[in-house]
Amino acid sequence: MPAKNILFRKSYEYKDLSNKFPPVFTNGHKKYIYNNMPPLNADFDSQEIRVTKWDGFDFPEHIPKLVTKQTMHVDSFTYPQPQAGTTEWHVNFADAYLFGFYGGGLFAQDEKQAMEMPCLASVKEMMEAETKINRAAMPMTRVMSKKGGMYSTPVLIKGALRRVDVDTTPCAPRPNGLYGRAFSNSTLDQVKSALTYLQPPTVVNIIAIEAPKGGRKLYTVNQIADAFGTAYSGFIAAKIESNSEKVIIHTGNWGTGAFGGNKILMACLQMIAAQVAEIDELIFHSFDELSAGEYLKGKKLFEELCFSGDKVVVDSVLDSLLQQNFLWGVSDGN
């Protein structure tokens with residue numbers, strides 16, 4: 001299964017990746033953050049960064065009986081260091097163009113991760129260079145099929161180094177926070193007040209997947225199937241890359257910000273995907289109480305649909321979600 005589904009793979013030591021493919025930040029605030037990162041010691045210079053790009057996976061017919069632990073925290077990602085025998089992954093709410101806007105003034109979840117883990121920007125630059133000799137290396141999390149439709153190609157980065165924490169929450173020095181477009185509208189002093197450089201850095205594993213976008217009114221069967229298949233493929237690839245260790249995946253409001261996705265539906269679909277992929281635990285970071293309430297509605301629906309009998313068919317679960325008549329929301333502009 002892994003050999004069939006891997007489209008591209010490459011490994012670098014951190015120092016080599018950063019030197020050969022340095023990030024290109026054009027925004028002044030981001031230049032300041034990057035240029036003031038403390039130097040790494042030799043142990044971290046040799047940290048292996050493993051990049052894999054995957055084709056979509058076929059999913060099994062039935063919902064597995066092994067139950068994935070579903071947990072919710074009312075916060076943002078905190079990137080804890082895993083216990084021995086456990087591999088933890090964090091979902092990157094990607095655009096189809098992997099880390100494509102990391103260098104400019106935007107600062108949504110995708111760009112924030114690339115700032116805090118600048119090797120992600122180097123991965124994008126490396127894949128761009130590799131594309132000249134291998135088109136499968138294109139830094140794309142979604143590509144055009146021969147039949148004309150788009151399909152998901154998750155990109156996983158194992159061993160990224162998180163070197164700085166950028167606090168985007170509103171507070172007295174930063175009344176508008178730093179998230180999204182507020183970042184470029186802030187002063188450099190406001191940005192400086194939000195920085196905590198991490199010494200030593202923390203090691204993070206990333207699942208970059210693009211959610212469906214551009215929908216209007218009711219969700220279609222293809223949009224629901226696309227969201228589920230994308231999450232499932234990213235999650236099963238993470239399981240393969242974890243080398244039989246216990247797998248914990250951290251996610252959140254995937255595809256519900258700039259893409260305008262439905263929070264109840266997208267939370268539910270990620271839970272189903274984790275269950276079908278037989279992930280040990282899915283931890284959902286809701287960001288706020290409002291989204292926590294939407295998550296709980298999605299979890300109730302997940303439990304009702306997935307555990308209604310001995311042999312629950314995955315396609316039947318997705319069809320039941322279609323019958324719920326979920327509506328698309330609107331973009332939050334970030």
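Let's start with Phe302. Its relative accessibility is 2%, so Phe302 counts as buried. Buried here is under 20% relative accessible area, exposed is over 50%, and partly exposed lies in between, with a 1.4 Å probe and protein chains only. Phe307 comes out at 38%, so Phe307 is partly exposed.

A word on the source. This is a predicted model, where local features need pLDDT of at least 70, side-chain atom pairs count only at pLDDT 80 or more, and totals for chains, interfaces and linings use all residues. Residues are numbered from 1 along each chain as its sequence is written, and side-chain values use heavy atoms, with hydrogens and water left out.

Back to the rings. The whole structure holds 13 aromatic pairs. One is Phe302 with Phe307: centres 5.5 Å apart, planes at 80°, so edge-to-face. The rule covers rings of Phe, Tyr and Trp (its six-membered ring): centres within 6.5 Å make a pair, planes under 30 degrees apart are stacked, over 60 edge-to-face, the rest tilted. Ring pairs also join Phe25, Tyr34 and Tyr102 into a cluster.

Now the core. Which residues have the most contacts inside the largest nonpolar core? They are Phe228, Phe235, Ile249, Leu269, Ile272 and Leu321, in a core of 50 residues. By nonpolar core I mean buried Ala, Val, Leu, Ile, Met, Phe, Trp, Tyr and Cys residues joined through side-chain atoms within 4.5 Å. Elements that each supply at least two residues include β8 (195-209), α9 (221-241), α10 (263-276), α11 (289-306) and α12 (314-322). α10 gives the most, with 11 residues. Helices (H or I, at least four residues) and strands (E, at least two) are DSSP runs, numbered from the N terminus.

Take Leu321. Beyond residues up to four places away in sequence, Leu321 touches Ile224, Leu265, Cys268, Leu269, Ile272, Leu301, Leu305 and Phe326. Contact means heavy atoms within 4.5 Å. There is also a second, separate core, with 43 residues, among them Phe8, Met117, Leu161 and Leu178.

Next, helix packing. α10 and α11 have axes that come within 8 Å and cross at roughly 50°. Axes are lines fitted to C-alpha atoms, for helices over the stretch in contact, and angles run from 0 to 180 degrees between N-to-C directions. These two helices are therefore oblique to each other. The cut-offs: under 35 degrees is roughly parallel, over 145 roughly antiparallel, 65 to 115 roughly perpendicular, the rest oblique. On the α11 side, the contact residues include Tyr295, Leu301 and our opening residue, Phe302. On the α10 side, they include Ala267, Cys268 and Ile272.

How do α10 and α12 run, parallel or antiparallel? Their axes come within 12 Å and cross at roughly 175°. That makes the two roughly antiparallel. Here Leu265, Cys268, Leu269, Ile272 and Val276 of α10 meet Val314, Val317, Leu318 and Leu321 of α12.

α9 also meets α12. Axes within 10 Å, crossing at roughly 130°. So this pair is oblique. Val221, Ile224 and Phe228 of α9 contact Val314, Leu318, Leu321 and Leu322 of α12.

Last stop, His73. This residue sits in strand β3 (residues 69-73). At 32% relative accessibility, His73 counts as partly exposed. Apart from neighbours within four places in sequence, His73 contacts Ile283, Phe284, His285, Ser286 and Phe287. The C-alpha atoms of His73 and Glu289 are 9.7 Å apart, although 216 residues separate the two along the chain.
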